[in-house]
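Dear colleague,

I am handing over a structure to you with this email, and below it you will find a careful account of what was found in it. Please keep the structure open while you read.

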Amino acid sequence: MKQGVAILGIFVADLAFRASRQPVMGETLMGSGFKMGPGGKGSNQAVAAARAGGKVSFISRLGKDAFGDIAVATWKAEGIAPHVAIAPDEPTGAAYIFVSDETGENAIIVVPGAAGGLSPRDVEAARGAIEGARVFVTQLEQPIDAARTGLEIARAAGVITVFNPAPAAPVPAGIYALCDWVIPNETEAAALTGIPVDTEEQARKAGDALLAKGARNALITLGARGALLHTATRSMLVPSFNAGKVVETAGAGDAFVGAFATALAEGMEPAAAARFGCAAAGISVTRPGTAPAMPARPEIEALLRA
């Protein structure tokens, strides 16, 4: 019986700098804090899914270095089963994250490192993990050919497919037909459809455009407004949760995707799964970091009850 979540993506070491603002070119600015920890959209989503109660497999590629050691230790601590190729002559990826002291908002530069070389062959090597899952998730930080291969394997095996088109990049038309769920944020939805997503009505139009491209369902995350669940038969705004003061928004989308995937794998109805994801995201923004900020299942359930 299929169970759990298989996620294809990258791991990077997050190097997070806090300051009042970003420096301009040629300027040196004193910051207020620094922290290093596990990151990468795919790995973050795997941690979120595992902490939300899911049985999780993670497919990626690492270098043989200190950052790679952080990845392995992170997955072991979270009970995530790794299906990872090792590239001894390439570095594990890293990300620069600027976090505003005033708003908690962020700006990010990602260098995938070894994971940037993820290939269809690497994904084929993890075919069993994908075919045995109930839900498969991938994004766009690794090469699109690898993502496509994962989606094709999952679709052929009857696995629910979730595509998080982040960071925003051109997507080959055939990808959408492989997606049961496409989950962009408002910026990514606008880039993919050419429709600004500043209002709920515009989000619905963007959702229509994603369905017209071939996706079965669209779920557009809208930050503090929540998420728009948009299908051929219904369109509903799932409100966000206020779990406390916003400290850092980096990783909120990954918290949503990972928790949503776990909920789908457990058989939750999509609207309930989206609400579960919104609760996880609402908690994550009250904490610093990305993967370390992901909430545990009891915390999510407590917020849902409240």
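Helix α1 (41-51) lies across the strands β1 (5-8), β4 and β8 (135-138), and its direction runs at about 150° to that of β4. Helices (H or I, at least four residues) and strands (E, at least two) are DSSP runs that are numbered from the N terminus. Axes are lines fitted to C-alpha atoms, for helices over the stretch in contact, and angles run from 0 to 180 degrees between N-to-C directions. Please keep in mind that this is a predicted model, in which local features need pLDDT of at least 70 and side-chain atom pairs count only at pLDDT 80 or more, while totals for chains, interfaces and linings use all residues. Residues are numbered from 1 along each chain as its sequence is written, and side-chain values use heavy atoms, with hydrogens and water left out.

Helix α8 (residues 200-212) also packs on the sheet, where it touches β10 (181-182), β11 (217-221), β12 (227-230) and β13, and its direction makes about 145° with that of β11. Contact here means heavy atoms within 4.5 Å.

The sheet itself is open and has nine strands in the order β5-β4-β1-β8-β9-β10-β11-β12-β13, with mixed pairing. β5 (81-87) and β13 (235-238) stand at its edges with a single partner strand each, so one side of each has no neighbour in the sheet. Two strands pair if DSSP finds at least two bridges between them; β4 (residues 56-63) and β5, which run parallel, are joined by seven bridges, and Ile 59 has His 83 in β5 as its bridge partner.

Strand β2 (12-19) takes part in two further pairings. With β3 it runs antiparallel, joined by seven bridges, and the partner of Ala 16 in β3 is Lys 35. With β6, β2 runs parallel, joined by eight bridges, and Val 12 has Gly 93 as its partner in β6.

Turning to the helices, α10 and α11 (residues 297-305) pack at an angle of about 110°, with their axes 9 Å apart. That makes α10 roughly perpendicular to α11, a term that covers angles of 65 to 115 degrees. Their contact is made by Arg 275, Phe 276, Ala 279, Ala 280 and Ile 283 of α10, together with Arg 297, Glu 299, Ile 300, Leu 303 and Leu 304 of α11. These residues divide into seven nonpolar, no polar and three charged, where Ala, Val, Leu, Ile, Met, Phe, Trp, Tyr, Cys and Pro count as nonpolar, Asp, Glu, Lys and Arg as charged, and the others, Gly among them, as polar.

Finally, there are the pockets. A pocket is an open set of points, on a 1 Å grid over the protein atoms alone, where a 1.4 Å probe fits, with protein on both sides within 12 Å along at least five of seven lines, and its lining residues have an atom within 4 Å of a point. The largest pocket holds about 1300 Å³ of space. It is lined by 47 residues, of which Asn 106, Asn 185, Thr 249, Ala 252 and Gly 253 are the closest to its centre. The largest share of this lining, five residues, comes from α9, and the lining as a whole divides into 23 nonpolar, 17 polar and seven charged residues.

The second largest pocket holds about 160 Å³, and among its 15 lining residues the closest to its centre are Ala 16, Lys 35, Glu 248, Pro 288 and Gly 289. β3 (33-39) gives the most to this lining, with five residues.

With best wishes

Definitions and conventions
Grid points are joined across faces, edges and corners, and a volume is the space filled by probe spheres set on the points. Angles under 35 degrees count as roughly parallel, over 145 as roughly antiparallel, 65 to 115 as roughly perpendicular and the rest as oblique.
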